Amino acid sequence: MIERRGFLDASLVQLTLVRFREFWREPEAVFWVFVFPILLATGLGVAFRSRPADVTPVGVLASRPGAERVAQALRHEPSLRVEMLTDSAARLAVPTGRVSVLVVPDASGGVEYRFDDTRPEGRTARRLVDGALQSAAGRRDPVATRDDLIREPGSRYIDFVLPGLIGLNIMGSGIWSTGFTVVDARKRKLLKRFAATPMSRSEYFASFLLARLGMLALEVIALAGFGVLAFGVPVRGSLVQLGAVCVLSALTFSAMGLLLASRARTTEGASGIMNLVMMPMWVFSGVFFASTKFPASFQPFIQALPLTAANDALRATMLEGAGAVALQGEAIVLLVWLVLSFLLALRLFRWQ
């Protein structure tokens, strides 16, 4: 019994080390796990960085009486860029997007707005222009208002998207790396040779889960650390809790990868199965935009997806500083997927 246990411990260690060596010997895998998420975070962070408020271009038909008076009133609105246009220039200004709205004064002192109401910028410009002109004419707003601008870390798009990218990376590396390794070994008849050894299925599966935990620390530290250093993304919750969420998510998606690869004989077949399973999560699980944007009838399905639970738990920990009690629902979803996937993989797995 002691000899058997010693063999099991040694074989599990060697199998886990094999998983690491297989990963580092594949430059493509290293790129997609470490380099690509950082490049994606950089692109999204720069594209949706905090910027001054947009200035809306508007035109005033210069040939009409009162045009200069209207233009002066509009120039008091800092969010408008006013341009005096001739008749020929004004004809194409709105259709070509040179201005969002064209203001045409008339002899009676009124104005006409020419804009494309199917374009959001046209409707916004019309409201801004009308508000500026009405205020200049002496309109009084019955309700006093004031602005309190919030621009602190946590409310930006990069703050929202980075936890989603971490969840997406954990899912992708867990399912793809685990599933393809198993299918490739089956295709090359290596699993058939493993079946002749005293190694059990549970040991073989456990080596994948242990290797994922080892790689997980590098993946999360690289991506989260980049977000914190490059864009100041906050981590308001416990680092221990953040690590626990990542570990549970990684185990869940690795178990799903084992399940999806339990019977597949070709990498092409495995790729189709994995894409079929991951595609709904790419779309619905709130990686790049909130999952709450989908209709209420979709929400039970969306909330049952493991990537939704992972993303929600990561955002709650990083951005809100939520405690463990607040993440009970997400933890249950991930645990259910983990246990069911692992048990089904053990039952359905074939060495050849």
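Two strands count as paired if DSSP finds at least two bridges between them, and strands themselves are DSSP runs (E, at least two residues), numbered from the N terminus like the helices (H or I, at least four). The model shown here is predicted, with local features needing pLDDT of at least 70, side-chain atom pairs counting only at pLDDT 80 or more, and totals for chains, interfaces and linings using all residues. Residues are numbered from 1 along each chain as its sequence is written, and side-chain values use heavy atoms, leaving out hydrogens and water.

**View 1. Strand β3 and its neighbours.** Strand β1 (residues 56–61) runs parallel to β3, joined to it by three bridges; here Val58 partners Val101. On to strand β4 (residues 111–114): four bridges tie it to β3, and the two run antiparallel, with Val103 opposite Tyr113. In the hairpin of β3 and β4, Gly109 takes a positive phi near 100°.

**View 2. The two faces of β3.** In a regular strand, side chains alternate between the two faces of the sheet. Val101, Val103 and Pro105 point one way, Leu102 and Val104 the other. Five of the five residues of β3 (residues 101–105) are buried, so the strand is largely enclosed by the rest of the structure. Buried means under 20% relative accessible area, exposed over 50%, and partly exposed in between (1.4 Å probe, protein chains only).

View 3. Phe294 is buried at 18% relative accessibility, while Phe298 is partly exposed at 36%.
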